[in-house]
Amino acid sequence: MTVHSFEEHFEQKLDKDIAIEPRDWMPDTYRKTLIRQISQHAHSEIVGMLPEGNWITRAPSLRRKAVLLAKVQDEAGHGLYLYSAAETLGISRDELYDQLHTGKAKYSSIFNYPTLTWADMGAIGWLVDGAAIMNQVPLCRTSYGPYARAMVRVCKEESFHQRQGFEIMLTLSKGTEVQKKMAQDALNRWWWPSIMMFGPPDDNSPNTEMSMRWKIKRFTNDELRQKFIDVTVEQAKILGLTIPDADLKWNEERGHYDYGAINWEEFWNVVKGNGPCNKERLEARKKAWENGAWVRDAANAYAEKRKKRLQQQAA
Ligand code: BYC
């Protein structure tokens, strides 16, 4: 096949919604943008363990502790599926971690905010995992096979995460005055960062156009943000909590909620590394990497020894 026919074959697969697989020919820029998106997604899962991990020892009951522990473990698993999917594109795990540790690769802005009270566990599950589901369900149909397949399992687990968060919020909002206040305070702090998670507005999103054409993204940032707001406003009504946006209003003509101006300056500031917890999060990941050196060394030594034994047996 000529380069031209390779390209044609790739385009035909995209047109027919046939998944692109690791051994298929793909444009270099398609490979690069996938590595960028999948690895940033993986880093987000792993860094995302930190804000909630902060509350495992202080969960208010054994049941809450067990549920939170399971959720945080799920996130480690999501990171592993995603790193494995990125590796199928020809980048090593070491390189991926290095990009995170040197600040070359991004991770989601949302995980640079602190978790101040137990209600934050509710708000994260309800809003952050809710936003993640909205973004990730369409990714089950993303054009790259290994990424799409990883997303199927991730989304199943995310729905449990969202429900456990909503249940915490429901319990608090139906509890004492103090508990209700805690829930409202958590909603006030997490609402805007959650709607920023979907990324910059479409007219300022350099990657969207190409990613939509390649069917990596199935919806634009603003489309997903609107869907999330429409669904979540109704859920807030069930909780009896108030979304902290004075301009939030149902628009009959559009069939959607209108919402107030997003502080994009805050978003870019966090993305650039200047959010409340950026330094702390990166330090924690680097420390975990350094402290894990002996495990990697031991695993390598064992693998080496086993290889030698097998070679001796075969000789
Ligand atoms: N934070 O052209 P754009 C989760 C960057 S959920 C930081 O629109 P794209 C979890 C973007 O990378 C969170 N950076 O980009 C939930 C780009 O910079 P580069 C993870 C952001 O890729 C609960 C630049 O801004 N989910 O893991 O077309 C518990 C311009 O943006 C953000 C995913 O990663 C942000 N929020 O669209 C635990 C989902 N937004 O790379 C864990 C998969 C944008 O050019 N990813 N930037 O230097 C996606 O769907 C897309 O990558 C995005 C951004 C919608 C996030």
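The legends below accompany close-up views of a predicted model.

**View 1. The largest pocket and the residues around its centre.**
In this predicted model, the largest pocket has a volume of about 1200 Å³, and its lining is made up of 50 residues. Those that lie nearest the centre of the largest pocket are Gln 37, Gln 40, Ser 108, Asn 135 and Met 197. When the lining of the largest pocket is divided by class, 22 residues are nonpolar, 17 are polar and eleven are charged.

**View 2. The helices that line the largest pocket.**
At least two lining residues of the largest pocket come from each of helix 2 (28–47), helix 4 (62–87), helix 6 (119–136), helix 7 (145–173), helix 10 (221–239) and helix 11 (264–274). Which helix gives the most to the lining of the largest pocket? That helix is helix 2, with eight residues.

**View 3. The second largest pocket, with helix 11 and helix 12.**
The second largest pocket has a volume of about 290 Å³ and is lined by 18 residues, among which Tyr 107, Val 271, Gly 273, Asn 278 and Leu 282 lie nearest its centre. Helix 11 and helix 12 (278–291) each supply at least two residues of this lining, and helix 12, with five residues, gives the most. By class, the lining of the second largest pocket holds six nonpolar, six polar and six charged residues.

**View 4. Helix 6 packed against helix 8.**
Helix 6 and helix 8 (residues 177–196) have axes 9 Å apart and pack at an angle of about 30 degrees; because angles under 35 degrees count as roughly parallel, the two helices are described as roughly parallel to each other. The crossing of helix 6 and helix 8 is right-handed. On the side of helix 6 the contact is made by Ala 119, Asp 120, Ala 123, Ile 124, Trp 126, Leu 127, Val 128 and Ala 131, and on the side of helix 8 by Met 182, Ala 183, Ala 186, Leu 187, Arg 189, Trp 190, Trp 191 and Ser 194. The contact of helix 6 with helix 8 has 13 nonpolar residues, one polar residue and two charged residues.

**View 5. Helix 6 crossing helix 7.**
The axes of helix 6 and helix 7 cross at roughly 145 degrees and come within 7 Å, and the crossing of these two helices is left-handed. By class, the contact of helix 6 with helix 7 comprises 13 nonpolar, nine polar and two charged residues.

**View 6. Helix 5 crossing helix 12.**
Helix 5 (residues 93–101) and helix 12 have axes that come within 10 Å and cross at roughly 145 degrees, in a left-handed crossing. Here Asp 94, Tyr 97, Leu 100 and His 101 of helix 5 meet Leu 282, Arg 285, Lys 286 and Trp 289 of helix 12, and the contact consists of four nonpolar residues, one polar residue and three charged residues. Leu 282, which takes part in this contact, is also one of the residues that lie nearest the centre of the second largest pocket.

**View 7. Two loop residues with a positive phi.**
Most residues other than glycine have a negative phi. Asp 17, which is not a glycine, has a positive phi of about 60 degrees and is placed in the loop between helix 1 (3–15) and helix 2. Lys 215, likewise a residue other than glycine, has a positive phi near 60 degrees and is found in the loop between helix 9 (208–213) and helix 10.

Definitions and conventions
Residues numbered from 1 in each chain as written. Predicted model: local features only at pLDDT ≥ 70, side-chain atom pairs only at ≥ 80, totals over all residues. Heavy atoms only, no water. 1 Å grid on protein atoms, 1.4 Å probe; cavity = no way out; pocket = protein on both sides within 12 Å on 5 of 7 lines; lining within 4 Å. Points joined across faces, edges and corners; volume = space filled by probe spheres on them. Helix = DSSP H or I, 4+ residues; strand = E, 2+ residues; numbered from the N terminus. Nonpolar A, V, L, I, M, F, W, Y, C, P; charged D, E, K, R; others polar. Axes fitted to C-alpha atoms, helices over the stretch in contact; angles between N-to-C directions. Parallel < 35°, antiparallel > 145°, perpendicular 65-115°, else oblique. Left-handed = near helix turned anticlockwise from the far one by under 90°. Contact = heavy atoms within 4.5 Å.
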